[in-house]
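Grab a pencil and work through the exercises below with the model open beside you. Each one sets a task and then walks through a solution.

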Amino acid sequence: MIGNDVIDLELAGSQSNWRRKGFLQKVFSPAEQEIITTSTDEDKLVWLLWSMKEAAYKAHQREFQLPRRLNWLMQECSILEMTSGNATGTIEIEGHLYSSSSEITSEYIHTSVEKIPASGFKNVILEGSSSAVKKLLITKVAEHFDVEPHELQLKKDAQGMPFLSRKECIFLDRFSFSGHGRFSAYSLSLINCETSVKQS
Amino acid sequence: METKEIIYCLKKIVKPYVQNDLAFQDFGQDTDFIKDLEINSANLVDIVLDVEDEFNIAIDNDSMDNMLTVNDAVEIIKTKQKEQ
């Protein structure tokens with residue numbers, strides 16, 4: 001399953017003071033705290049690891065139909081590679097390993113997470129509303145499967161997770177939405193998704 | 001501490017982080033921090049820390065895990081206060 005998380009860095013900076021006493025300890029393991037405190041850009045690392053945790057839990061929650069939880073320490077992040085604009089890493093949750101890829105700019109961080117490593121995401125991030133990004137996803141999926149966009153309807157399951165339905169059947173659920181501040185984003189996996197398309 | 005009193009304190013703690021003011025008007029036991037008040041998930045960490053300070057308790061990870069609604073928070077605060 002797939003999960004994503006976008007962070008508007010300007011808003012995060014004004015909304016949260018991660019330097020307050022106790023904050024890092026509630027969210028990050030000693031190893032993760034070390035990644036942050038030994039970095040030259042602590043803010044960036046805090047939000048990168050945060051987005052990895054949020055995106056990974058979304059994927060994990062969906063994979064195993066889990067309830068929402070407030071527990072950031074159950075996700076242990078490792079960074080495999082990091083450049084100025086990108087990062088890849090892994091997140092372990094309850095014995096399950098997820099792979100992440102993040103895009104980092106001065107404005108935002110967008111992380112996509114999937115259980116299968118490097119299966120390839122189609123990511124879109126835009127400065128705009130969540131409805132605009134939902135519309136873009138529908139257009140993209142319709143184009144890929146050669147169906148009419150109006151046939152696809154965006155719905156939510158009992159857990160509140162979005163899926164696309166076509167002719168009253170689940171059509172696709174390997175995607176995730178996220179929004180924060182100025183930005184809205186989706187991650188979509190189209191690799192091997194023929195097997196996950198449940199058609200009547 | 002009475003439930004009513006705890007809820008009153010929680011309302012004060014939560015206020016600066018609320019994104020949905022309309023839902024905040026109906027603040028009560030069933031209020032969900034994320035679904036109703038649309039509180040940013042990073043600010044939930046702030047709320048946990050503020051609750052610890054205000055009630056002078058330590059909220060461990062397992063307890064924090066279930067802190068999704070006002071009622072969840074009330075129960076956690078009561079349990080932790082009893083333990084002391």
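**Exercise 1. Find the residue with a positive phi in the hairpin of strand 8 and strand 9 of chain A, and describe its surroundings.**

Step 1. Keep in mind that you are looking at a predicted model. Go to the hairpin of strand 8 and strand 9 of chain A, where 2 residues lie between the strands.

Step 2. Check the phi angles there: Lys167(A) takes a positive phi near 50 degrees, although Lys167(A) is not a glycine.

Step 3. Lys167(A) is in the loop between strand 8 and strand 9 of chain A.

Step 4. Is Lys167(A) buried or exposed? Count the other C-beta atoms within 10 Å: there are 11, so Lys167(A) is exposed. The cut-off for exposed is 12 or fewer.

Step 5. Now look at the pairing. Strand 8 of chain A and strand 9 (residues 169–172) of chain A run antiparallel, joined by 3 bridges. One pair to look up is Arg166(A) with its bridge partner Cys169(A) in strand 9 of chain A.

**Exercise 2. Describe how strand 7 of chain A is joined to strand 8 of chain A.**

Step 1. Locate the strands: strand 7 of chain A covers residues 152–156, and strand 8 of chain A covers residues 162–166.

Step 2. Work out the direction and the bridges. The two strands run antiparallel, with 5 bridges between them. Across from Lys155(A) you'll find Phe163(A) in strand 8 of chain A.

Step 3. Inspect the turn. This hairpin has 5 residues between its strands, and Gly160(A) in the turn has a positive phi of about 85 degrees.

Step 4. Back up to the loop between helix 5 (130–145) and strand 7 of chain A, where Asp146(A) sits. Asp146(A) is another non-glycine residue with a positive phi, near 55 degrees. With 6 C-beta neighbours inside 10 Å, Asp146(A) counts as exposed.

**Exercise 3. Work out which parts of domain 1 of chain A touch domain 2 of chain A.**

Step 1. Start with the bounds: the domain assignment of chain A gives domain 1 (2–118) and domain 2 (124–191). Taken over C-alpha atoms, the domain centres are 23 Å apart.

Step 2. Count the contacts. 16 residues of domain 1 of chain A are in contact with 16 residues of domain 2 of chain A.

Step 3. Name the elements. On the domain 1 side, those giving two or more residues are strand 1 (2–8), helix 1, helix 4 and strand 5 (108–114) of chain A. Strand 1 of chain A gives the most, with 7 residues.

Step 4. Take a closer look at strand 1 of chain A. Here 6 of the 7 residues are buried, so strand 1 is largely enclosed by the rest of the structure. Strand 1 of chain A also runs antiparallel to strand 5 of chain A, with 7 bridges joining them. In that pairing, Gly3(A) stands opposite Val113(A).

**Exercise 4. Describe the side of chain A that touches chain B.**

Step 1. Count both sides: 15 residues of chain A are in contact with 14 residues of chain B.

Step 2. Find the contributors on chain A. Helix 1 (9–15), helix 2 (23–27) and helix 4 each give two or more residues, and helix 2 of chain A has the largest share, 3 residues.

**Exercise 5. Sum up the fold of chain B, then find the residues that touch the most other members of the largest nonpolar core.**

Step 1. Read the elements of chain B from the N terminus: α-α-α-α-α. That's 5 helices and 0 strands.

Step 2. Judge the overall shape. The radius of gyration of chain B is 12 Å, close to the 12 Å from the globule rule for 84 residues, so chain B is as compact as a globular protein of that length.

Step 3. Turn to the core of 65 residues. Leu48(A), Leu49(A), Met52(A), Ala56(A), Val113(A) and Ala73(B) touch the most other members. Helix 4 (residues 42–63) of chain A gives the most to this core, with 11 residues.

Step 4. Follow Ala73(B). Leaving out residues up to four places away in sequence, Ala73(B) touches Leu10(B), Val51(B) and Met67(B).

Note on methods. Residues numbered from 1 in each chain as written. Chains lettered and ligands numbered in written order. Predicted model: local features only at pLDDT ≥ 70, side-chain atom pairs only at ≥ 80, totals over all residues. Core = buried A, V, L, I, M, F, W, Y, C linked by C-beta atoms within 7 Å. Buried ≥ 20, exposed ≤ 12 C-beta atoms within 10 Å, placed from the backbone. Helix = DSSP H or I, 4+ residues; strand = E, 2+ residues; numbered from the N terminus. Contact = placed C-beta atoms within 7 Å. Pairing = 2+ DSSP bridges. Domains from an automatic or database assignment. Rg over C-alpha atoms; globule rule 2.2 N^0.38 Å.
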